[in-house]
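Here is a short briefing to read alongside the structure. Keep the viewer open and follow the topics in order.

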Amino acid sequence: MDHDPAGRARLILLGAVAPVVWGTTYVVTTELLPPDRPMTASLLRALPAGLLLLALTRQLPPRSWWGRFAVLALLNFGAFFPLLFIGAYRLPGGLAAVVGSAQPLVAAALLLLAFRQHTPLPRVLWALAAVAGVSVAVSAGTVTLDPLGLAAAFAGTSVMAAGVVLTRRWGLPEGMNGLAATGWQLVLGGLMIAPLVPLLDTGPFVLDLPAVAGYAWLALPGGAVAYAAWFHAGRRVPSTSLTLLVPLTPVTAAVLGWLLLDEALTGVQAAGFGLALVASLAGQLPGRPRTRVHRAGAGRELPRP
């Protein structure tokens with residue numbers, strides 16, 4: 001893909017759709033949805049979107065792939081959504097955002113430990129810069145650490161990073177398109193979340209017009225469109241590059257909060273988010289091609305085939 005800069009840029013833009021859309025979740029949840037129903041929101045984000053994609057594609061996975069789809073559904077939805085909300089409820093929003101922005105570092109560690117695959121040093125440095133930018137932007141006041149919330153946030157970041165790594169490594173089953181694969185993951189993930197609704201949701205379920213609009217937004221742009229784009233890019237873009245786009249979520253959330261909810265955005269916060277944005281984009285640059293020396297007379301360096 002590095003040999004086709006235009007194609008790589010299109011994939012990066014497509015992958016960026018997901019974290020930007022996910023950045024709208026805070027505004028939608030606080031302004032449109034009933035309170036204290038996180039698993040209901042997760043279920044209605046995943047299951048209707050998956051059923052829609054399956055209705056459009058009408059493809060069954062090969063028998064040998066059911067196990068892989070179950071693992072991916074668990075990592076990307078069934079485990080990630082509950083852990084995400086537990087962390088969000090028990091930690092200050094800023095600390096949860098910092099943990100989430102560390103996802104490219106977690107992906108790099110997983111690639112090294114599981115597959116002995118090294119991440120280019122510049123990409124690791126840009127990932128550190130993104131974490132630093134988000135940290136500066138959200139740091140305010142005294143932070144009280146909740147061990148369970150911190151563990152849940154880190155576990156959520158880890159399982160999503162593992163989902164990205166395995167999505168790229170496993171690819172697609174032969175003869176199956178990406179929309180169908182995304183649909184099956186959403187459906188299986190939604191079914192995993194369904195038993196948690198009566199266990200973790202405490203607020204009354206209200207389905208008025210704002211709630212319908214909010215759930216529809218989470219299911220269609222936030223579910224079907226965002227995850228189809230995310231997985232499509234994830235099968236073709238290095239995992240650490242894709243996860244470097246995750247800081248776009250808190251950046252989008254902060255900008256929308258400033259524009260729509262009249263939330264304060266100081267110069268220091270803007271600078272921090274600006275650093276995170278620059279790091280997310282700069283981390284997409286392809287690495288320098290390796291060279292090897294051919295000892296033929298003058299000993300020229302020729303590009304590796």
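## Aromatic cluster

W22, F77, F80, F81, Y227, W230 and F231 come together as one aromatic cluster. Please keep in mind that this is a predicted model.

**Ring pairs around F77**

- F77 and Y227 make an edge-to-face pair, because their ring centres are 4.7 Å apart and their planes meet at 65°, where over 60 degrees counts as edge-to-face.
- This pair connects distant parts of the chain, with F77 in helix α4 and Y227 in helix α12, 150 residues apart.
- Both F77 and Y227 are buried.
- F77 also pairs with F231: the centres of these rings are 6.2 Å apart and the planes are at 90°, so this pair is edge-to-face too.
- Since F77 sits in helix α4 and F231 in helix α12, the pair ties together parts that are 154 residues apart in sequence.
- F77 has a relative accessibility of 0%, so it counts as buried.
- F231 has a relative accessibility of 2% and therefore counts as buried.

**The largest nonpolar core**

- The largest nonpolar core holds 36 residues, and W22, F81, L186, Y227 and W230 are the ones that touch the most other members.
- Helices that each supply at least two residues of this core include α1 (5-22), α3 (38-57), α4 (66-78) and α5 (80-90).
- What does W230 contact, once its neighbours within four places in sequence are left aside? The list is G15, A18, P19, W22, Q103, M160, V164, L242, T243 and V246.
- As general background, nonpolar side chains in soluble globular proteins tend to be buried together.

**The salt bridge**

- How many salt bridges are there? The count comes to 1.
- The side chains of R37 and D201 form a salt bridge, with an N to O distance of 3.6 Å.
- This pair links distant parts of the chain: R37 is in the loop between α2 (25-32) and α3, while D201 is in the loop between α11 (197-200) and α12, 164 residues apart.
- Are R37 and D201 buried or exposed? Both residues are buried.

**T25 in helix α2**

- T25 belongs to helix α2.
- Its relative accessible area is 15%, so T25 is buried by the cut-off of under 20%.
- Not counting residues up to four places away in sequence, T25 touches R45 and L218.

**A nonpolar patch on the surface**

- V255, W258, L259 and L260 make up a nonpolar patch on the surface, and together they have about 420 Å² of accessible area.
- W258 is placed in helix α14 (residues 248-260).
- W258 counts as partly exposed because its relative accessibility is 46%.

**The chain overall**

- The secondary structure comprises 15 helices and 2 strands.
- The chain has 305 residues, and buried residues make up 48% of them.
- Among contacts between residues at least 6 apart in sequence, 89% join residues at least 24 apart.
- The chain has an accessible surface of about 15,200 Å², and 68% of it belongs to carbon and sulfur atoms.

How values were computed
Residues are numbered from 1 along each chain as its sequence is written. This is a predicted model: local features need pLDDT of at least 70, side-chain atom pairs count only at pLDDT 80 or more; totals for chains, interfaces and linings use all residues. Side-chain values use heavy atoms; hydrogens and water are left out. A nonpolar core is a set of buried Ala, Val, Leu, Ile, Met, Phe, Trp, Tyr and Cys residues joined through side-chain atoms within 4.5 Å. Buried means under 20% relative accessible area, exposed over 50%, partly exposed in between (1.4 Å probe, protein chains only). Helices (H or I, at least four residues) and strands (E, at least two) are DSSP runs, numbered from the N terminus. Contact means heavy atoms within 4.5 Å. Patches are made of residues with over 30% relative accessible area and no salt bridge: like charges are joined within 9 Å, nonpolar side chains (Val, Leu, Ile, Met, Phe, Trp, Tyr) within 5 Å. Accessible areas come from the Shrake-Rupley method with a 1.4 Å probe; for residues, only the protein chains shown count as cover. A salt bridge is a side-chain nitrogen of Lys or Arg within 4 Å of a carboxyl oxygen of Asp or Glu. Rings of Phe, Tyr and Trp (its six-membered ring) pair if their centres lie within 6.5 Å; planes under 30 degrees apart count as stacked, over 60 as edge-to-face and the rest as tilted.
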